[in-house]
Amino acid sequence: MAEPDERSWSDAIGMYERRATIAKVTSREHENWVLDLSTLMRGDTRDTRGWRTVDVWEGEPERLGEPSYPFVMPSEAVATVDAWRPYLYEIPRAQAVRFLVALSTPWIDVTQEPDFEERREALEANARVVLSRFPEGSHFYANTGRGSDTRDYYQRVSDWHPFSLRTYDFGLVLVSETEVGMVWSFR
């Protein structure tokens, strides 16, 4: 799997612009990647390669007043970062492709997409470009509860662990040896 270049990354990540989404990557600075995820959620980092990000709240008053907006970590996460891990479930790369596609849809529900079959191939290609930045051996984590590793993300997702103030938030964390990324969509 070839790594994306800046242009292909920009084109692929653009599929999240029509949603309330945060999609970005930072360099992995800690053995415990959850610390790097915290940096992403606080919104105080740029893409490690200087590439395009999607952050609907960048520069908004809510973020200026609270850098982690819209994220609110579970109360036990305040005490220790590792408390987040029970809310994130590892999923295989094939599931990550489907979840990335679902995260790009208006209702985070592929069944509500009237033209999904016509757009499916292009959406999956974009998802594979996003994943190509994370080579073999990378890990992917979803906040969609038990059974995330076998869930059909092309069906309605009704189980998740909220990480935000929003009514619904669904996210994928992408972890390689050198980078940590997230695609988090809200409705």
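A crossing of two helices is called right-handed if the near helix is turned clockwise from the far one by less than a right angle, and left-handed if anticlockwise. Helices themselves are DSSP runs (H or I, at least four residues), numbered from the N terminus. The model examined here is predicted, so to speak for local features a pLDDT of at least 70 is needed and side-chain atom pairs count only at pLDDT 80 or more, while totals for chains, interfaces and linings use all residues. Residues are numbered from 1 along each chain as its sequence is written, and side-chain values use heavy atoms, with hydrogens and water left out.

Helix H5 (residues 93-103) passes H6 in a right-handed crossing. H5 and H6 (residues 116-132) pack at an angle of about 120°, their axes 8 Å apart; axes are lines fitted to C-alpha atoms over the stretch in contact, and angles run from 0 to 180 degrees between N-to-C directions. That angle makes H5 oblique to H6, where under 35 degrees counts as roughly parallel, over 145 as roughly antiparallel, 65 to 115 as roughly perpendicular and the rest as oblique. The contact (heavy atoms within 4.5 Å) draws on Arg 93, Ala 96, Val 97, Arg 98, Leu 100 and Val 101 of H5, and on Phe 116, Arg 120, Leu 123, Glu 124, Ala 127, Arg 128, Val 130 and Leu 131 of H6. By class, 9 of these residues are nonpolar, none polar and 5 charged, counting Ala, Val, Leu, Ile, Met, Phe, Trp, Tyr, Cys and Pro as nonpolar, Asp, Glu, Lys and Arg as charged, and the others, Gly among them, as polar.

Helix H1 (residues 6-13) also packs with H6, at an angle of about 130° and with the axes 9 Å apart. H1 is therefore oblique to H6, and the crossing of this pair is left-handed. Ser 8, Trp 9, Asp 11, Ala 12 and Ile 13 of H1 meet Asn 126, Val 129 and Val 130 of H6, a contact with 5 nonpolar, 2 polar and 1 charged residues.

Two loops deserve a look as well. In the loop between helix H3 (61-65) and helix H4 (75-79) lies Pro 70, joined to Tyr 69 by a cis peptide bond with omega of about 10°. The loop between H5 and H6 holds Ile 108, whose phi is near 50°, a positive value in a residue other than glycine.
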